[in-house]
Amino acid sequence: FTNGSALSQSQDGSWYLHIRATNGAGLTGTTYSGTYQKDATGPTVSFSPTPSGSWTTSNISVTPTASDTLSSVTATQYIWSTSSTPPTTGYANFTNGTALTQSSDGSWYLHILATNSAGVSSVTSSSTTVPYKKDATAPTASQIVFNPTTRSWNSSDISVTVNDSDTSGISSTQYSWSTTT
């Protein structure tokens with residue numbers, strides 16, 4: 001290298017720069033300086049448990065853990081979303097490695113924004129295809145639609161179409177006819 005020129009290192013890691021110089025009299029000296037540290041890769045995140053895609057009636061509790069192989073994790077933030085696409089805003093701070101709970105019914109994705117000591121951030125989602133799912137609410141009258149809702153006296157057989165819906169879908173239905181409410 002040319003004396004006075006900048007020397008660069010593009011790879012992540014902790015580096016020491018060793019220099020060997022020889023003067024005009026033929027004498028050689030060596031020295032080093034460092035550490036010089038580079039971490040251009042954001043933290044990784046693991047989720048426990050990972051989403052199974054199965055419905056539960058209990059609150060969803062997930063423990064995300066962010067780690068960085070070079071520098072340390074300095075900040076962790078989270079947001080629950082009904083989309084697998086990570087939001088750009090709205091994240092809240094949490095302590096790395098502690099459980100996060102979702103108590104609302106629905107299909108949920110957990111997104112983690114983690115930052116390392118080099119200032120590099122990464123967003124990791126619990127899944128891009130399989131959400132955590134919770135439904136703790138039984139189907140209600142407002143989710144069941146009768147067509148028609150009543151019928152005046154008529155000589156033909158009674159025919160009523162019933163459509164029902166629920167957050168987790170309807171897995172079975174039953175009916176009975178009665179002369180009282």
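**Aromatic pairs and a strand sheet**

Mentor: Tyr 132 counts as buried, at 6% relative accessibility. Buried means under 20% relative accessible area, exposed over 50%, partly exposed in between (1.4 Å probe, protein chains only). This is a predicted model: local features need pLDDT of at least 70, side-chain atom pairs count only at pLDDT 80 or more, and totals for chains, interfaces and linings use all residues. Residues are numbered from 1 along each chain as its sequence is written, and side-chain values use heavy atoms, leaving out hydrogens and water.

Trainee: How many aromatic pairs are there?

Mentor: The count comes to three. Rings of Phe, Tyr and Trp (its six-membered ring) pair if their centres lie within 6.5 Å; planes under 30 degrees apart are stacked, over 60 edge-to-face, the rest tilted. One of them joins Tyr 16 and Tyr 32, edge-to-face, 5.9 Å centre to centre with 75 degrees between the planes.

Trainee: Is Tyr 32 buried or exposed?

Mentor: Exposed, with a relative accessible area of 53%. Tyr 16 is partly exposed, at 46%.

Trainee: Which residue pairs with Tyr 132?

Mentor: Trp 80 does, edge-to-face, at 6.1 Å centre to centre and 75 degrees between the planes. Trp 80 lies in strand β6 (residues 73-81) and Tyr 132 in strand β11 (residues 132-134), so the pair ties together parts 52 residues apart in sequence. Strands (E, at least two residues) are DSSP runs, numbered from the N terminus.

Trainee: New topic. What is the order of the open sheet?

Mentor: β3-β5-β8, three strands with antiparallel pairing. Two strands pair if DSSP finds at least two bridges between them. β3 and β5 (residues 60-67) have five bridges.

Key: Helix = DSSP H or I, 4+ residues; strand = E, 2+ residues; numbered from the N terminus.
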